[in-house]
Amino acid sequence: SESITVSQKQKDALNITVSNFEVDATGGEIEVEIEANIDFECIIEGSAADWIKLSDTRAMNTSSLMFSIAANSDPAMRQGTIFLKSRDIEEQITIYQSGCEPSIVVSQDEYIVSSDGETITVDVTSNVEVSVYIPSSAYWITESSTRATSTCSYKFDIQPNSGYGSRSSEILFYDTKYGISESVKIIQLQKDAIVISNQHFDFDSN
């Protein structure tokens, strides 16, 4: 007798069980189950590499891969793509992450300013595009042309108060897209003085 050995290659396979994942704004880890009999490489697309990280660095022929998803501090949803590639075979995984709650937070909601006037700094923490509104009646409050070094700080010049009564107004920080706002109240003290309308009075004999 004579024997012949026949060797047949397997059908190259690279399959993923789930191709789409939804993650909330807080982030976390996801596990991608893989059916593969070939080696492959993992590529995270473009800017998504900043918030999607391969947390399991074992050889690329394991049955699953773990990815760490960073928290999303932006109110907008974001999307990232992971590619698994081996020669002419490619599989794609899409990550959808929810945005966080839009917010505007001011460091202090009330400022008391002396009658001499001064420049105040309001620190604002937000994850939205903030606009500033000062009522037209508050002519004595103006946003300073000299911005603070931080883009989250706003400077306002308060003019001296030459009147004999205190005055107040509010500055509004708002975002129209999400319909949210925060206000800061400015109270300026009166100019301290004792004033009499007339120092001389003349009376007849009655």
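1. The model is a predicted one, in which local features need pLDDT of at least 70 and side-chain atom pairs count only at pLDDT 80 or more, while totals for chains, interfaces and linings use all residues. Residues are numbered from 1 along each chain as its sequence is written, and side-chain values use heavy atoms, with hydrogens and water left out.

2. Strand E15 (residues 167–175) runs antiparallel to E16 and is joined to it by nine bridges, where strands are DSSP runs of E with at least two residues, numbered from the N terminus, and two strands pair if DSSP finds at least two bridges between them. Tyr 174 stands opposite Ser 181 in E16, and in the hairpin of E15 and E16, with four residues between the strands, Gly 179 adopts a positive phi near 65°.

3. Strand E16 (residues 180–188) also pairs with strand E10 (residues 110–113), here in the parallel sense and over four bridges; Val 113 has Gln 188 of E16 as its bridge partner.

4. Ala 25, in the loop between strand E2 (20–23) and strand E3 (28–36), counts as buried because its relative accessibility is 15%, buried meaning under 20% relative accessible area (1.4 Å probe, protein chains only). Beyond its neighbours within four places in sequence, Ala 25 is in contact with residues including Ala 71, Asn 72 and Cys 100, contact meaning heavy atoms within 4.5 Å. Its C-alpha lies 8.5 Å from that of Asp 74, 49 residues apart in sequence.

5. Thr 94, found in strand E8 (residues 89–97), is likewise buried, at 7% relative accessibility. Leaving aside neighbours within four places in sequence, its contacts include Ser 19, Phe 21 and Thr 81.

How values were computed. Buried < 20%, exposed > 50% of the residue type's maximum accessible area, 1.4 Å probe, protein only.
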